[in-house]
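I set them down in the order in which I looked.

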Amino acid sequence: MDIRIVKGDIASQEVDAIVVNLFEGVQQPGGATGAVDRALGGGLTQLIADGDVKGKSGEMVLVYTFGKIPAKRVVVAGLGKSDKFNVDAVRKVSADAARFVRRHNCKRATTIVHGAGIGGLEPRDAAQALAEGAIMGLYRFQRYKSSKKDDENDGELQELLVIEAMNERVPALEAGLNAGRIIAEATNLCRDLANIGGNDMAPVHLAEAAREMSERHGLDFRAFDKAEMEAMGMGALLAVAQGSAQEPRFITMRYNSPEARSDRPPVALIGKGVTFDSGGISIKQADGMENMKSDMSGGAAVIAAMSAIAQLRPPINVVGIVPAAENLPSATAYRPGDIVRASNGKTIEVVNTDAEGRMLLADAICWAKREGLSPLVDVATLTGACSVALGPFYSGIMANDQPLADKVIAAAKRAGELVWQLPLTDEYKELVKSDIADVRQTGTGRAGGAISAAQMLHAFAEDTPWAHLDIAPTYRSDRDRGALVKGPTGVAVRTLIAFTQMLADEE
Ligand code: BES
Ligand code: ZN
Ligand code: ZN
């Protein structure tokens, strides 16, 4: 879909639909909605008076214009209560409206920038949220569909024109739309990678996707193969990989800014890249196992965030790291009771082969520290226990450094993603104490499973500032919800991008 600014008068647009908006409780629409109302001879005011248009959040009312204006349809999108209005509401209404006009077979639509008028938001922020909502909300994964016509929605919205009457606001709107497009397309890249079947998304394929992205956007790409990982002593990652015929990869992508301060180390973004998680010898139940093709969602989020960072060019250096392996049971698989050595020399007592993500992340954290990177932020579909703790809306965050945790939480808020901090205080250290090795892979019971997983990672991060996002609760959505669509969500992409922008703003 093409999204761009047009200057001029909304009521004279020759498109399949015009999208205007209304706050809940407003009887007499102003701004662009008022202009369309006048062109329709007060038709919208009448619908409001009759109670057919209320302006409630999520409400979309379709009005046919029967030749009164060039556009065939007007959509009145509800903004909800004006005191609850913010950029998140813009993203949501933009996504809902884009899907609504597509469902009504519109190919070209004109929209106003929700929130930039009486909503009182900064035009740039409103335009960014508008683009994010539309591009993320229209996402569909059709790679494996032989015919794109068998869907209820067979058409595509091809053009979204964003109308602005005031010339002086155009540059800010352009900048917002451009950033929003970059960020939303990155999120959709993450969703694509997580949607692809596990047969087509082995570690080598994930590395190939990262290479393509890196070449397109000018990042330094390097992936280490199994022999190179052996040479580096990555025994934890390799233990997981040894059960699969698919070779592991250790993927790295570097973004270097000429404006970065030379006295600051590059930041590390680390993503779990388990391309399929069967559980291994500690095999999972069959129910829902198909979703474990997306157990590389953290890795995909890092690859996707790096693509946006390469385009937005913040003045800091960033290294994206994705340890990738497949977790299968076989005659060569690692076992509960194995004791393996990670690349920092620490030994791990394996307890449950389904706790494979932390094995990969342990070696990735060691590598990042050896490279001198700081701070470290990892993203992983790490524990079902995190979903039990938080339900399906929030990702968990745990950290060894509260200022860093606060920064990631602020970045998530700015990006419109929900994260909630869980404790990682010294009390929890005993959960991962082993009688016979340096670290126990898991806690002893099921209680506090998200925290014991983080504590195992903490044993590798040690004192290096590190924050861990457990996205097991949020990596998929069970239905369309605002900018999210049913399936992989691309969660954390926007948070990671906003986080690097915040670090850059501090400089
Ligand atoms: N990939 C899973 C966690 C997961 C489960 C993510 C469901 C998304 C949805 C992870 O590798 C895993 O299996 N964790 C175990 C840890 C346990 C064995 C200590 C879990 O959560 O049960
Ligand atoms: Zn697992
Ligand atoms: Zn897993």
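Predicted model: local features only at pLDDT ≥ 70, side-chain atom pairs only at ≥ 80, totals over all residues.

**Entry 1: the zinc ion (ligand 2).** I looked up which atoms coordinate the zinc ion (ligand 2). I found D277 (OD), D354 (O), D354 (OD) and E356 (OE), at 2.0 to 2.2 Å. I then turned to the geometry: the six donor atoms make angles of 71 to 166°, and the site is irregular. Along the sequence, I recorded the spacing of the donor residues as D-x76-D-x1-E. The pair D277 and E356 links distant parts of the chain, 79 residues apart. I located D277 in strand β10 (residues 273-277), and E356 in the loop between β13 (347-349) and α10 (357-370).

Entry 2: Are D277 and E356 buried or exposed? The cut-off for buried is under 20% relative accessible area. D277 has 2% relative accessibility, so I count D277 as buried. E356 has 0%, and therefore E356 is buried as well.

**Entry 3: the zinc ion (ligand 3).** I repeated the search for the zinc ion (ligand 3), which is coordinated by K272 (NZ), D277 (OD), D295 (OD) and E356 (OE), at 2.0 to 2.4 Å. Here the angles among the six donor atoms run from 78 to 172°, and the site is octahedral. The donors follow the spacing K-x4-D-x17-D-x60-E along the chain. I also placed D295, which is in the loop between β10 and α9 (297-312), 18 residues apart from D277 in strand β10. Both D277 and D295 are buried.

**Entry 4: the bridge.** Which residue bridges the zinc ion (ligand 2) and the zinc ion (ligand 3)? I found that D277 does, and that the two ions lie 3.2 Å apart.

**Entry 5: ligand 1.** A nitrogen atom of ligand 1 lies 3.3 Å from a backbone N or O atom of T381. On its own ligand 1 has 520 Å² of accessible area, and the protein covers 76% of that area.

**Entry 6: two further residues.** I looked up E159 and found E159 in strand β6 (residues 159-164). E159 counts as buried because its relative accessibility is 18%, and the cut-off is under 20%. The C-alpha atoms of E159 and R108 are separated by 4.8 Å, although the two residues are 51 apart along the chain. I then located I451 in helix α13 (residues 449-461). With a relative accessible area of 8%, I451 is buried. The C-alpha atoms of I451 and D378, 73 residues apart along the chain, are separated by 14 Å.

Note on methods:
Residues numbered from 1 in each chain as written. Chains lettered and ligands numbered in written order. Heavy atoms only, no water. Donors = N, O, S within 2.8 Å, 3.2 Å for Na, K, Ca; no water. Tetrahedral: all angles 85-135°; square planar, octahedral: opposite > 155°, others 65-115°. Helix = DSSP H or I, 4+ residues; strand = E, 2+ residues; numbered from the N terminus. Buried < 20%, exposed > 50% of the residue type's maximum accessible area, 1.4 Å probe, protein only. Polar contact = N/O pair within 3.5 Å; in protein donor to acceptor, adjacent residues only side chain to side chain. Areas by Shrake-Rupley, 256 points an atom, 1.4 Å probe, with all protein chains shown as cover.
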